[in-house]
Amino acid sequence: MFAGYRLLSFKWDICITCYFRELELTDCQWNWFISEQLSISAPALKYLSITGPNDDQCYNEDFPSYEFIFNIFAPNLQSLRYTDIPADDYILHRSESLVDAEIDFKRFGVPLPQGEDLVATEVLEKLSNVKLLKISGETFEALAFLNHLLTNWPMFHNLVHLEFISEVSFNNKNKTMLNFLRISPNLETIVIASGFLGDLSSTDCGWTPGMVPQCMLLHLKLVKLLEFAGFLEELNTVKSFLKNARVLRRMIIKFFSNLSAVQQNKIMKQLIKIPRGRSNCIMEVL
């Protein structure tokens, strides 16, 4: 593990070559790295983790990003974790062995100039072989589905577990969730681990029968909604899953820790009234 490194003013491309099975670059600051490309070549590598500082004060730019290209050659990689501000571009040589990935392009609240993150979109497209994907809400919300068409995206046929590690919207105006579920036909588990962005939706998702993703019709078996606060969008999300997920077996809801017993009881009454499309789906409220 390489921790706390800060690369300074290199004017040539840097290549990290290793023969380890695991490589962690932790709390590394690339602020002053002015090479055009950082390459990692590791034919035997199974696990790669790249994380940057959590403090946004480490980045002095108005729009946090690295002005170089990450080039990763790891043909036997099974697990990838990237939690840092984004680079200009990423060259990810396709690894058929990749099983799981965790992606969090940190923006520290700075809005994207064009509203969509083309770099994050390109990275996700190259991870279409994974079985388990963890992604931050901020990164997910900015994915680009041009004109809501899916032709520019590969199908995530292997993906069975999708987890959001920070707040996310189920029904944003760009229909990101709907579009991504439509290219994940075999998804079995959805976990929203840190709650929703807030009370953003005044209506239900409004999906017509022709819009419901295949995974919800045929494969989705488990939904976990953590940090549940009872916002209208959260209740509408529950309604959409119970209505459209025909083979759903379990829905686990865990209340936000700051809710009082009175607030929890009020939300419970609302949950009980939601009709279920599948009568034997078990709802667990924690």
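Student: Where is the place of Ser184?
Tutor: Keep in mind that this is a predicted model. Ser184 sits in the loop between α3 (176–182) and β12 (189–192).

Student: What is Ser184 in contact with, leaving aside its neighbours within four places in sequence?
Tutor: With those neighbours set aside, Ser184 has contacts with Phe156, Leu159 and Cys215.

Student: And Cys215, buried or exposed?
Tutor: Buried: Cys215 comes out at 0% relative accessibility. Another cysteine, Cys281, is buried as well, with a relative accessible area of 3%.

Student: How many disulfides does the count come to?
Tutor: Zero disulfides.

Student: Let me zoom out. How many helices and strands are there in the protein chain?
Tutor: The chain has six helices and 15 strands. It has 286 residues, and 48% of them are buried.

Student: What share of the contacts comes from residues 24 or more positions apart?
Tutor: Taking the contacts in the chain with a separation of 6 or more, 74% are between residues 24 or more positions apart.

Student: Give me an example in a strand. Where does Ile192 lie?
Tutor: Ile192 belongs to strand β12, and at 0% relative accessibility it counts as buried. From C-alpha to C-alpha, Ile192 and Leu162 are 8.6 Å apart in space, though 30 residues separate them in sequence.

Student: Which residues is Ile192 in contact with, beyond its neighbours within four places in sequence?
Tutor: Ile192 has contacts with Phe164, Val168, Lys224, Leu225 and Leu226.

Student: Switching to rings. How many aromatic pairs does the structure hold?
Tutor: There are 10 aromatic pairs. One of them is Phe70 with Tyr82: the ring centres are 6.0 Å apart and the planes are at 85°, so this pair is edge-to-face.

Student: Why does that pair tie parts together?
Tutor: Because Phe70 is in strand β6 (residues 66–73) and Tyr82 is in strand β7 (residues 79–84), the pair ties together parts 12 residues apart in sequence.

Student: Are those two buried or exposed?
Tutor: Phe70 is buried at a relative accessible area of 0%. Tyr82 is buried too, at 5%.

Student: What about Trp153 and Phe180, how do they pair?
Tutor: Trp153 and Phe180 form an edge-to-face pair, at 6.3 Å centre to centre with 90° between the planes. Trp153 is in the loop between α2 (137–141) and β11 (161–164), while Phe180 is in helix α3, so the pair links distant parts of the chain, 27 residues apart. Both Trp153 and Phe180 are buried.

Student: Which residues do ring pairs link into a cluster?
Tutor: The cluster is made of Phe140, Trp153, Phe156, Phe164 and Phe180.

Student: Last one: what is phi of Glu227 near?
Tutor: Phi of Glu227 is near 55°, a positive value in a residue other than glycine. Most residues other than glycine have a negative phi. Glu227 is in strand β13 (residues 222–228), and it is partly exposed, with a relative accessible area of 30%.

Notes. Residues are numbered from 1 along each chain as its sequence is written. This is a predicted model: local features need pLDDT of at least 70, side-chain atom pairs count only at pLDDT 80 or more; totals for chains, interfaces and linings use all residues. Side-chain values use heavy atoms; hydrogens and water are left out. Helices (H or I, at least four residues) and strands (E, at least two) are DSSP runs, numbered from the N terminus. Contact means heavy atoms within 4.5 Å. Rings of Phe, Tyr and Trp (its six-membered ring) pair if their centres lie within 6.5 Å; planes under 30 degrees apart count as stacked, over 60 as edge-to-face and the rest as tilted. Buried means under 20% relative accessible area, exposed over 50%, partly exposed in between (1.4 Å probe, protein chains only). A disulfide is a pair of cysteine sulfur atoms within 2.5 Å.
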